[in-house]
Amino acid sequence: KCLIPIDGKPLLGIWLKTLEKLGCEKILINTHYLANMVEDFVESYPKSKTNILTIYEKKLLGTAGTLLSNKSFFKGSKGLIIHSDNLTDANLNLIIEAHENRPKSCLLTMLTFNCLNPKSCGIVQINEDGIVQNFYEKSEIDHGNRANGALYVFDYELIEYIENNNISNFFDISLDLIPILMGKIYTWHTSANYFDIGSHESLKIA
């Protein structure tokens, strides 16, 4: 999906350009399905000051598993976790700024948005300080429409927290990490366009 063209530009290329403008020094792309096509695209992508790396996962490690498996990549740095089959025109400098000014108790900053179909999203409930208090992954019950955009900002202390607490069976951020980080996740809400291009309907909108 990350190579599907949006207005003639591969979605992954749109993300790479966005991250370059943010001033990212390094980008790590995990590959699996049709990995050779992604690697060929990265190889042909115009060179810049940003170092773009790919790492092939024969068996998918999951969003959280990939993070831990590549922890040395993030050593001493601020990191972003992004799903490259999402699309947004939000100003991501603002979520980075929000993360830098987050409450001291928080280890992770999550992008949230108002979704049209809450049953298909992870819904969050926050307190007056913007900290996640409850999280409901694709629930049939109405918990509002503030959705987790699955875009996160973190510092290396998040990885240290995971290791220091001997957290095992660590595979998916939404299913495995967020539930144990209640009270430690700050949010930044955007009213900009934000959606998954995983359906023909959303692709048409994109």
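# Strands, a helix and a pocket

Trainee: Which residues of strand β5 (residues 78–81) are on its covered face, and which are on its uncovered one?
Mentor: A strand here is a DSSP run of E with at least two residues, a helix is a run of H or I with at least four, and both are numbered from the N terminus. In β5, the covered face consists of G79 and I81. The uncovered face consists of K78 and L80.

Trainee: This is a predicted model; from which number are its residues counted?
Mentor: In this predicted model, local features need pLDDT of at least 70, side-chain atom pairs count only at pLDDT 80 or more, and totals for chains, interfaces and linings use all residues. Side-chain values use heavy atoms, with hydrogens and water left out, and each chain is numbered along its sequence as written, starting from 1.

Trainee: How many of the 10 residues of β10 are buried?
Mentor: Buried means under 20% relative accessible area, exposed means over 50%, and partly exposed lies in between, with a 1.4 Å probe and protein chains only. β10 is largely enclosed by the rest of the structure because its buried residues number nine.

Trainee: In which sense do β7 and β10 pair?
Mentor: N114 stands opposite R146 in β10. The pairing of β7 with β10 runs over six bridges, and its sense is antiparallel.

Trainee: In which direction do strand β7 (residues 108–114) and β11 run?
Mentor: Strand β11 (residues 185–189) is mostly covered, with four of its five residues buried. H189 in β11 is the bridge partner of T112. Five bridges join β7 to β11, and the direction is parallel.

Trainee: What distance does α1 reach from its first C-alpha to its last?
Mentor: The expected span of a helix is 1.5 Å times one less than its number of residues. α1 has 12 residues, for which 16 Å is expected. The distance reached is close to that, at 17 Å.

Trainee: Which residue follows α1?
Mentor: Within α1, the buried residues are L11, L12, G13, W15, L16, L19, E20 and L22. After the helix comes a residue with a positive phi, near 90 degrees, and that residue is G23.

Trainee: How far apart in space are K17 and T50, C-alpha to C-alpha?
Mentor: K17 belongs to helix α1 (residues 11–22) and is partly exposed, with a relative accessible area of 42%. Along the sequence, K17 and T50 are 33 residues apart. In space, their C-alpha separation is 9.8 Å.

Trainee: Which element gives the largest share of the lining of the second largest pocket?
Mentor: On a 1 Å grid over the protein atoms alone, a cavity is a set of points where a 1.4 Å probe fits but cannot get out; a pocket is an open set with protein on both sides within 12 Å along at least five of seven lines, and lining residues have an atom within 4 Å of a point. The second largest pocket is lined by 14 residues, of which I14, T18, T88, D89 and A90 lie nearest its centre. Two or more lining residues come from each of α1 and β6 (86–88). The largest share, five residues, is given by α1.

Trainee: About how much space lies in the second largest pocket?
Mentor: Its lining has six nonpolar, five polar and three charged residues, where Ala, Val, Leu, Ile, Met, Phe, Trp, Tyr, Cys and Pro count as nonpolar, Asp, Glu, Lys and Arg as charged, and the others, Gly among them, as polar. Grid points are joined across faces, edges and corners, and a volume is the space filled by probe spheres set on the points. For the second largest pocket this space is about 270 Å³.

Definitions and conventions
Pairing = 2+ DSSP bridges.
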